[in-house]
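Subject: Structure handover

Hello,

Below is the structure I am passing on to you. My notes on it follow.

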Amino acid sequence: MSRGLLAFVATVTHLALVVLTAGLIFYVTGRDLIVESDAGTTLGPTMVLASMATVFFVLARSFGVAEREPERRQPKILASALITLATSYVAMLAVGAVLYSLRRSEAVWLVLFTGRYALSTFVIATTVWAAIVVAGTLLLDRAERHREGR
């Protein structure tokens with residue numbers, strides 16, 4: 001499988017895992033993932049899109065470096081997963097805080113939204129899935145390249 005297609009499939013897999021997890025969280029808690037009633041219906045999905053973007057771009061960068069410089073070692077799996085975890089976490093909180101504060105037209109919600117969702121099950125689960133998907137994809141690519149003898 002080409003590395004570009006692999007990055008795309010991994011990003012879609014991340015979306016599927018997040019939708020599954022969000023459904024389970026909603027089922028168990030009986031509450032919306034974004035509890036602010038005036039947040040609208042697009043805030044949560046936009047936060048997930050930010051996380052998906054980090055998955056795609058980390059994989060695209062890892063695969064791009066590996067293609068440009070084949071003599072270099074393979075991408076570091078743990079480092080890439082941790083970078084994805086941190087970037088996804090910050091991106092989700094930043095996107096959510098900015099969009100919600102724009103909706104409320106009050107800058108104080110940048111801090112309040114970030115504080116409320118910093119330890120949210122939704123944000124943490126999404127970022128953990130992002131790191132797992134990146135690590136799994138890089139492991140799969142490494143195994144495929146090893147099997148092909150590259």
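Which helix gives the most to the lining of the second largest pocket? Helix α2, residues 43-68, does, with three residues. Please keep in mind that this is a predicted model.

The pocket itself holds about 240 Å³ of space. Its lining is made up of 14 residues, and Leu33, Ile34, Thr41, Gly44 and Pro45 are the closest to the centre. By type, the lining residues divide into seven nonpolar, four polar and three charged.

Overall layout

The protein chain has five helices and zero strands, so reading from the N terminus the order of elements is α-α-α-α-α by the DSSP runs. Along its principal axes, the C-alpha trace spans about 55 × 30 × 20 Å. The chain has 150 residues, and buried residues make up 41% of them.

Helix α1

Helix α1 covers residues 3-29. Its 27 residues should span 39 Å at 1.5 Å a residue, and the C-alpha atoms at its ends are 38 Å apart, which agrees. Its buried residues are Arg3, Leu6, Ala7, Ala10, Thr11, His14, Val18, Thr21, Ala22 and Ile25. An α-helix has 3.6 residues a turn, so residues three or four places apart point the same way.

Arg3 is a charged residue in helix α1. Is Arg3 buried or exposed? Its relative accessibility is 9%, and the cut-off for buried is under 20%, so Arg3 counts as buried. The side chain of Arg3 is joined to that of Asp141 by a polar contact of 3.0 Å. Just after α1 comes Gly30, with a positive phi of about 75 degrees.

Helix α3 runs over residues 77-104. At 1.5 Å a residue its 28 residues should span 40 Å, and its end C-alpha atoms are 40 Å apart, in agreement. The buried residues of α3 include Ile77, Ser80, Ala81, Thr84, Ser88 and Ala91. Met92, Leu93, Gly96, Ala97, Tyr100 and Ser101 are also buried in this helix.

α3 is followed by Ser105, which is found in the loop between α3 and α4 (108-117). With a relative accessibility of 63%, Ser105 counts as exposed.

Helix α5

Helix α5 takes in residues 121-148. It has 28 residues and reaches 40 Å from its first C-alpha to its last, close to the 40 Å expected at 1.5 Å a residue. At its start, a side-chain oxygen of Ser120 comes to within 3.2 Å of the backbone nitrogen of Phe122. After α5 comes Gly149, whose phi is positive, near 85 degrees.

Aromatic pairs

How many aromatic pairs are there? The count comes to four. One of them joins Phe56 and Phe57: the ring centres are 5.7 Å apart and the planes stand at 70 degrees, so the pair is edge-to-face. Phe56 is partly exposed, with a relative accessible area of 30%, while Phe57 is exposed, at 57%.

Another pair is that of Tyr100 and Trp109, with centres 5.2 Å apart and planes at 90 degrees. Planes over 60 degrees apart count as edge-to-face, so this pair is edge-to-face as well. Tyr100 is buried, with a relative accessible area of 1%, and Trp109 counts as buried at 17% relative accessibility. Ring pairs also link these two residues with Phe113 and Tyr117 into a cluster.

Regards

Notes:
Residues numbered from 1 in each chain as written. Predicted model: local features only at pLDDT ≥ 70, side-chain atom pairs only at ≥ 80, totals over all residues. Heavy atoms only, no water. 1 Å grid on protein atoms, 1.4 Å probe; cavity = no way out; pocket = protein on both sides within 12 Å on 5 of 7 lines; lining within 4 Å. Points joined across faces, edges and corners; volume = space filled by probe spheres on them. Helix = DSSP H or I, 4+ residues; strand = E, 2+ residues; numbered from the N terminus. Expected span 1.5 Å × (residues − 1). Buried < 20%, exposed > 50% of the residue type's maximum accessible area, 1.4 Å probe, protein only. Phe/Tyr/Trp six-rings, centres within 6.5 Å; stacked < 30°, edge-to-face > 60°. Polar contact = N/O pair within 3.5 Å; in protein donor to acceptor, adjacent residues only side chain to side chain.
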